[in-house]
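Please keep the sequence and the model open while reading.

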Amino acid sequence: MSEVEGSLRSLPVVRLKPKAEARAIRHGFPWVYADELVTDRRTQGLDPGALAVLEDGERRPLGLVTVNVKSKIIARMLDRDPDAVIDRAWFEARLSRALAHRARLYAEPFYRLVHAESDGLPGVVIDRFGSVAVVQPNAAWAEGHLEDLVAALVAVTGVETVIKNGSGRSRGLEGLAEEVVVIHGSEPAGPIAVPMSGATYMADLMGGQKTGLFFDQRENHAFAARLSRGGTVLDVFSHVGGFALAALAGGATEALAVDASAPALALAEQGAKASGFADRFTTRQGDAFEVLEALGAEGARFDLVICDPPAFAPAKPALEAGLRAYERLARLAAPLVAPGGYLVLCSCSHAADLQAFRNASARGIGRGGRRGQIIHTGFAGPDHPVLPQLAESSYLKALAFRLDG
């Protein structure tokens with residue numbers, strides 16, 4: 001490793017190994033893996049999240065990166081300009097571009113504002129809940145630049161409160177500690193009411209799962225709501241109401257929400273009451289697989305069944321076990337669908353691609369004694385843009401089946 005010649009900032013240089021594929025990075029791939037980078041003593045000595053200029057094997061600059069030798073993703077592209085300065089103005093430019101897209105899509109400020117690499121902020125997720133924003137700085141560089149990021153976020157959006165949600169698997173992989181804390185403004189007095197899909201959802205931003213609510217399913221909620229009109233609905237892994245509240249808004253006669261978390265179901269009940277659906281909404285707490293088996297033994301049938309589990313295959317080593325779990329879920333859910341009814345199966349496992357998930361789902365439906373046709377394939381909404389070069393940014397899949405009579 002050498003110093004950048006002529007650079008006023010004298011940033012360190014990190015270099016790809018001669019056999020590493022620089023073309024992919026030039027064409028937009030944002031990551032460098034540990035086995036692709038020359039990791040000499042000086043590179044090993046860089047602090048997690050340090051800035052450096054990335055060069056190819058022939059010493060041609062590729063851009064400005066952040067380096068974390070503790071991570072499998074050892075370098076992340078921040079800017080194609082190796083002379084870029086990562087300061088408040090830089091963050092404001094990125095956030096303004098992200099905001100312009102969301103403001104065009106949504107009449108009210110409830111959405112994912114920043115979707116990590118897809119919005120040019122690697123490892124950073126920001127969800128907006130009106131005047132409150134929840135930031136997940138899941139990479140070491142973002143943790144180190146949090147002050148400028150938050151100042152830019154407040155300046156660009158006008159939010160009054162910013163919560164840092166420092167939890168989850170990604171931070172552990174970066175060697176970062178976990179914490180959830182208010183870093184600007186005042187802590188919300190309670191759950192935030194979120195208008196979405198024709199219903200009101202209650203989001204616990206300080207103690208809930210992830211940032212408190214999943215905006216990514218919004219488009220799939222809308223499609224499922226069309227299927228639910230005039231029918232009964234079972235929503236498994238419902239979290240704070242998920243598909244169930246959207247279905248009731250779409251005209252479902254009744255909905256049963258199933259989740260292992262009592263606090264999440266309590267928030268779902270609050271949302272149903274706020275939406276005017278309390279008389280058509282019921283909950284059942286328990287392990288999803290056990291509840292599905294119990295409902296089958298009871299002879300329960302629903303016009304629409306949705307299963308939206310957490311990631312069963314969060315990484316490649318868990319892929320085979322994850323696909324077996326998706327298959328089992330489909331096998332248990334399919335018999336609960338009334339003749340001619342619908343089954344919606346979801347996966348947020350980026351390690352399980354669409355074909356693998358579809359095959360596992362079809363096997364499970366068949367093992368459940370049913371046959372079906374796929375009528376719709378859904379993905380995350382447009383506030384979760386996909387970086388074409390990065391498969392991991394396209395993680396959510398939703399398959400809607402119409403089952404036989």
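## A residue in helix α8

Alanine 244 is placed in helix α8, residues 242–249, where helices (H or I, at least four residues) and strands (E, at least two) are DSSP runs numbered from the N terminus. The model is a predicted one, in which local features need pLDDT of at least 70 and side-chain atom pairs count only at pLDDT 80 or more, while totals for chains, interfaces and linings use all residues. Residues are numbered from 1 along each chain as its sequence is written, and side-chain values use heavy atoms, with hydrogens and water left out.

Alanine 244 counts as buried because its relative accessibility is 0%; buried means under 20% relative accessible area, exposed over 50%, and partly exposed in between, with a 1.4 Å probe and protein chains only. Leaving aside residues up to four places away in sequence, alanine 244 touches Asp235, Ser238, Ala255, Ala257 and Phe281, contact being heavy atoms within 4.5 Å. Between the C-alpha atoms of alanine 244 and valine 233, which are 11 residues apart along the chain, the separation is 6.9 Å.

## The five-stranded sheet

An open sheet of 5 strands runs in the order β6-β7-β8-β9-β10, and its pairing is mixed; two strands pair if DSSP finds at least two bridges between them. The edges are held by β6 (110–115) and β10 (179–184), each of which has a single partner strand, so one side of each is left without a neighbour in the sheet. On average, neighbouring strands of this sheet are turned by 20° against each other, direction ignored.

Within the sheet, strand β8 (residues 132–137) and strand β9 (residues 161–166) run parallel and are joined by 4 bridges. Valine 134 has isoleucine 163 in β9 as its bridge partner. Helix α3 packs on the sheet, touching β6 and β7 (124–129), and its direction makes about 145° with that of β6. Helix α5 also packs on the sheet, where it touches β6, β7, β8, β9 and β10, and its direction makes about 150° with that of β8.

## Helix α3 against helix α5

Helix α3 (residues 88–105) packs with helix α5 (residues 146–157) at an angle of about 45°, their axes being 8 Å apart; axes are lines fitted to C-alpha atoms, for helices over the stretch in contact, and angles run from 0 to 180 degrees between N-to-C directions. The two helices α3 and α5 are therefore oblique to each other, since angles under 35 degrees count as roughly parallel, over 145 as roughly antiparallel, 65 to 115 as roughly perpendicular and the rest as oblique.

From α3, the residues making the contact include Phe91, Leu95 and Leu99, and from α5 they include Leu149, Leu153 and Val156.

Strand β11 (residues 192–196) has a covered face formed by Ile192, Val194 and Met196, whereas Ala193 and Pro195 make up the uncovered one. In a regular strand the side chains alternate between the two faces of the sheet. Over 5 bridges, β11 pairs in the antiparallel sense with strand β12 (residues 199–203), and methionine 196 stands opposite alanine 199 in β12.

The hairpin of β11 and β12 has 2 residues between the strands, and serine 197 takes a positive phi near 60° there. Serine 197 is partly exposed, with a relative accessible area of 26%. Lysine 210 likewise has a positive phi, near 50°, in a residue other than glycine, and lysine 210 lies in the loop between β12 and α7 (218–228).
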